[in-house]
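The exercises below are to be worked with the sequence and the coordinates side by side.

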Amino acid sequence: MFLMDCGMTKKTTERRRGEELESALLKAAWDELLEKGYGGLTMEAVAKRAGTSRPVLYRRWASRPDLAVAAMRYHVEANPIIVPDLGDLRDDVIALLQHIVDRRSRMGSLISVELTDYFRETNSSPAELKRQIVSRDQHTMEILLTRATARGEIEDQAIAPRIVSLPVDLLRQDMMMTMKPTSDAVIIDIVDTVFLPLVGYHAVKAG
């Protein structure tokens with residue numbers, strides 16, 4: 001039975017090529033990260049979970065940090081941020097932040113806690129890691145602001161990049177400091193008290 005299982009695993013591995021094989025490897029690496037954190041991530045465990053061998057992994061990723069970053073990027077790209085279109089800037093930004101909280105909650109505390117060993121090993125920071133795995137948050141906010149300008153909710157003006165990214169930055173800060181999903185009350189406070197006044201928002205009455 002053991003020999004039969006090994007043979008089946010070998011045939012299964014041989015049948016997988018290209019993107020199919022890489023997706024299986026990255027999903028296995030992501031699952032290992034969620035279960036064991038970066039400190040417990042090993043090439044051997046990922047290979048075993050994916051039904052392949054360590055050389056197959058090393059041909060694609062030279063080190064454990066490289067594999068971890070690729071797995072996180074894979075997960076983010078497989079679960080893209082939804083761009084709300086509710087017809088009002090305030091509603092759109094609140095919906096966007098709620099979606100980000102929901103997505104981060106499903107990832108657990110991996111980024112903020114379990115990657116301490118990664119940052120020490122690579123001598124990097126959460127900001128550097130974020131640049132490697134995701135860069136769409138500010139682009140999404142720019143879409144929402146462009147729509148708001150077209151609706152007449154804000155003036156047609158240049159808005160500093162730091163202000164554009166401020167709602168998401170404050171959201172991440174809250175989640176990192178509290179180690180909990182940000183509440184709707186805090187999200188509304190970020191939007192109403194901080195962000196909307198900075199961009200000069202005023203609601204446009206229908207009709």
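**Exercise 1. The chain as a whole**

Among contacts in the chain between residues at least 6 apart in sequence, what percentage join residues at least 24 apart?

Solution. The model is a predicted one, and every value that follows is computed from it. Taking the contacts between residues at least 6 apart in sequence, one finds that 70% of them join residues at least 24 apart. As for secondary structure, the chain holds 13 helices and zero strands, and reading along the sequence therefore gives the pattern α-α-α-α-α-α-α-α-α-α-α-α-α. Of the 207 residues, 40% count as buried.

**Exercise 2. Two helix pairs**

Describe how helix α2 packs on helix α3, and then how α5 packs on α9, giving for each pair the axes, the handedness and the residues that meet.

Solution. Two packed helices are described by the angle between their axes and the distance between the axes.

Step 1. Helix α2 covers residues 18-36 and helix α3 covers residues 43-50; their axes come within 8 Å and cross at roughly 120°. This angle makes α2 oblique to α3, since an angle has to lie from 65 to 115 degrees to count as roughly perpendicular and over 145 to count as roughly antiparallel. The crossing in which α2 passes α3 is right-handed.

Step 2. On the α2 side the residues in contact are A24, L25, A28, A29, D31, E32, E35 and K36, and they meet A45, V46, R49 and A50 of α3. Sorted by class, the residues of this contact are seven nonpolar, no polar and five charged.

Step 3. For the second pair, the axes of helix α5, residues 64-78, and of α9 come within 9 Å and cross at roughly 60°. That angle makes α5 oblique to α9, and α5 passes α9 in a right-handed crossing.

Step 4. From α5, the residues V69, M72, R73 and V76 meet L129, Q132 and I133 in α9. By class, this contact has five nonpolar residues, one polar and one charged.

**Exercise 3. A histidine in a helix**

Where is H99 placed, and which residues does H99 touch when those up to four places away in sequence are not counted?

Solution. Step 1. H99 is placed in helix α6, which runs over residues 89-106.

Step 1. The relative accessible area of H99 is 17%, so this residue is buried.

Step 2. With residues up to four places away in sequence left out, H99 touches P80, I81 and I82.

Methods: Residues are numbered from 1 along each chain as its sequence is written. This is a predicted model: local features need pLDDT of at least 70, side-chain atom pairs count only at pLDDT 80 or more; totals for chains, interfaces and linings use all residues. Side-chain values use heavy atoms; hydrogens and water are left out. Axes are lines fitted to C-alpha atoms, for helices over the stretch in contact, and angles run from 0 to 180 degrees between N-to-C directions. Helices (H or I, at least four residues) and strands (E, at least two) are DSSP runs, numbered from the N terminus. Angles under 35 degrees count as roughly parallel, over 145 as roughly antiparallel, 65 to 115 as roughly perpendicular and the rest as oblique. A crossing is left-handed if the near helix is turned anticlockwise from the far one by less than a right angle, and right-handed if clockwise. Contact means heavy atoms within 4.5 Å. Ala, Val, Leu, Ile, Met, Phe, Trp, Tyr, Cys and Pro count as nonpolar, Asp, Glu, Lys and Arg as charged, and the others, Gly among them, as polar. Buried means under 20% relative accessible area, exposed over 50%, partly exposed in between (1.4 Å probe, protein chains only).
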